[in-house]
Amino acid sequence: MAQSYPPQIIDRILRITLESQHFAWLCIDGQGTLRNQGGALQDLGLPQWKIGENILDRALFLNGFLPLEEDCTSVPSVHLTDEVVVDVHLFRDGDRVWIILADRTEALEWQTVAHQKGNELRLLQEQLKRLERSCDQGIDFFEALEMLALQRNEDGSFMILRPVNRRFVELYPELLETPAELRPQLKFPFIENFLVDAEKLWQEPDNPRRLRSGPWIENDGSGQELPLEASALNWQGRNLLFIEMLDEAYQQNHSFLQIGREGELIKNMLEQEVRKRTSEIRRREEEIALRLVAAADSRDDGETGAHIRRLGLYSELMARHLGWPADKVEEIRIAAPMHDIGKIGIPDHILRKPSKLTDDEFEIMKMHALIGGKILENSETSLVQMARDIALYHHERWDGEGYPEGLKGEQIPEAARIVAIVDVFDALIHKRVYKDAMPLDRAIGILREGRGKQFDPRLFDLFLFLRKEMAQIARDYAS
Amino acid sequence: MYKFKVCMLGAFAVGKTSLVQRFVHSIFDERYHTTLGVKIDQKLLEIGGTPVQLILWDLAGEDEFMKVRATYLRGAAGLILVADGLRPETLDTAIDLQKRFNADHALPFVLALNKADCRDEWQIPEHRLQELRTQGWTIFDTSALNGSGVEALFERIGTAMMEQA
């Protein structure tokens, strides 16, 4: 003959141990009639009585119509419909069987929480086993559950529903000193905060919801952390406050979180290291490129180390504001200074001529774009590919009147269109052997004439928008 | 005597618990212990000759799995936002928390950029901090490891709360 739980114990189990805020509570009596006792099936998204044959079968097994040597059982995560998932707990109570359906639909949508719920379910089962033993030994339910149960008095103080777990007495000695007039809010600031919400719940006596505080941690006096959680409940006109020790379930959740976050930190560290090393490589590449370009340009009185550095920075600024990916922004900073690398193939008497070039000389000078493109062609490195585009096409014009290929509009790579603008800008505002530096406003005025002709109008407008930052770069890298 | 509730907010593993431990107990543990829930500590200090008791609510760090409950901030007189100088994304989290819980700047708040002992390796660009300063943010470089900036941080929030009380 299976043992029956005392009705008050069943009642408490139903009221206290159910985690879900949406649950229904039914009963099959000795005649096999199913009755709705509390909660609402509608809350679970179910029409009345439609709880699934498998659950009823188990309940029938349990209440003795069919032989099953158990007096409590759980059927976790049963899909009642395509959308409704419930945890089911069945308890025999004399000739009746209680059925508790707890909504788990939302929980299952979140894997981590589902895992946690699974652990809590196991914990619940363990608690039930302990309860079973406790009943035999006459130990109170709350003692077994390591739960402090308090009832709110009218004056806002609390009285203990005895007996009290020993660990709570160690944490909160006042439990024994003033058991009928406790004010846990004075002892625990966390409870003080939680009671604001609890009071709201208690002002709605018909609200069956169990309000939980979430975990908080107290020091047990010996330096050990003690995780606790409070909950509030209306029960038969009484305002109840529970404080639970969360040892097992909490530690498991804590371990999962610790492992997950440590993993995340390691991932962050590795990503940071990759970023750092990539940045170092980029710096090295940039330095080599700048030194080589400076060496090549040293034959040209018009080009200085500062000019090529500025060109990289102007281009970087524009690319960033265009929303280019970070790696491409870095690439143009390094690639733009190589725009005139082809001048290495132009004879000195033309390159260094202080006066205006003849038409023939200019034709030879124009060759520097093709030579630059040739030097940098056939690379598998995206940086060098960009440098090649810039070197080859930075004298192309938006209207198709440029050289060497007469490309037009967006046929010209965007990187080359950017450099086309900033190269002329920088040349205008700086002194050369053959000309003086031009004031910024005048230089902008001249550049404006090239909008939509020499320069991409959209990029030129961006350049104008950034003119202050451009001027700042020019000042910061004047020499 | 003044008594103020101060909430510590920030992403996970930025050092909120370590800052409180350093300030209240003068200790530092190099191991990372994630906080699940709320830890409450208290410290009495004196600001300009006036005793001020700080009730420090160390709230679990925020990430995709865990969000700060707004109810925990009830009754707070000030906020300490914490970010990790080595992890730029934690500054985004701090800014987001500030927007969610204190968009109108009703509560005094300060930002602790923690792990200042690794300042050479910080990844947060100065211009981002400058931008925040121009928006009225007070920023402290702190190290729970060596204690630098920690006392000043808590004293600053204490002073700000006294001024507003």
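This is a predicted model: local features need pLDDT of at least 70, side-chain atom pairs count only at pLDDT 80 or more; totals for chains, interfaces and linings use all residues.
Strand β8 of chain A, residues 211–219, pairs with β2(B). The sense is parallel, and there are 2 bridges. For a residue pair to look up, take A:Trp216, which stands opposite B:Val38 in β2(B).

Now stay in chain B and move to strand β1, residues 2–10. Of its 9 residues, 7 are buried, so the strand is largely enclosed by the rest of the structure. What does β1(B) pair with? One partner is strand β3 of chain B, residues 50–59. Those two run parallel, joined by 7 bridges. Another partner is strand β4 of chain B, residues 78–84. That pairing is parallel too, over 5 bridges.

One residue shows both pairings. B:Cys7 has B:Trp57 as its bridge partner in β3(B). In β4(B), B:Cys7 stands opposite B:Leu79.

Next, backbone geometry in chain B. I have two residues for you. Take B:Ala13. It is not a glycine, yet its phi is positive, about 65 degrees. Where is B:Ala13? In the loop between β1 and α1 of chain B, with α1 spanning 16–25. Is B:Ala13 buried or exposed? The cut-off for buried is 20 or more other C-beta atoms within 10 Å. B:Ala13 has 22 C-beta neighbours inside 10 Å, so it counts as buried.

Then B:Lys115. Phi is near 75 degrees, again a positive value in a residue other than glycine. B:Lys115 lies in the loop between β5, 109–114, and α3, 126–134, of chain B. Why does B:Lys115 count as buried? Because it has 24 C-beta neighbours inside 10 Å.

Over to chain A. Look at strand β10, residues 238–245. This strand is mostly covered, with 7 of its 8 residues buried. Which strands pair with it? Strand β6 of chain A, residues 147–152, is one of them, antiparallel, with 5 bridges to β10(A). Within that pairing, A:Met147 stands opposite A:Glu244. Strand β9 of chain A, residues 225–235, also runs antiparallel to β10(A), and 8 bridges join the two. Here A:Asn234 faces A:Asn239 as its opposite residue in β10(A).

β9(A) and β10(A) also form a hairpin. Between the two strands sit 2 residues. A:Gln236, in the turn, has a positive phi of about 50 degrees.

Last stop in chain A: a cis peptide bond. Which residues does it join? A:Tyr403 and A:Pro404, with omega about 10 degrees. As for location, A:Pro404 lies in the loop between α15, 382–393, and α16, 414–429, of chain A.

In the chain B sheet, B:Cys7 with B:Trp57. For positive phi, B:Ala13 and B:Lys115. For the cis bond, A:Tyr403 and A:Pro404. Over to you for questions.

Technical notes. Residues are numbered from 1 along each chain as its sequence is written. Chains are lettered from A and ligands numbered from 1 in the order in which they are written. A residue is buried if 20 or more other C-beta atoms lie within 10 Å of its own, exposed if 12 or fewer, and partly exposed in between; C-beta atoms are placed from the backbone. Helices (H or I, at least four residues) and strands (E, at least two) are DSSP runs, numbered from the N terminus. Two strands pair if DSSP finds at least two bridges between them.
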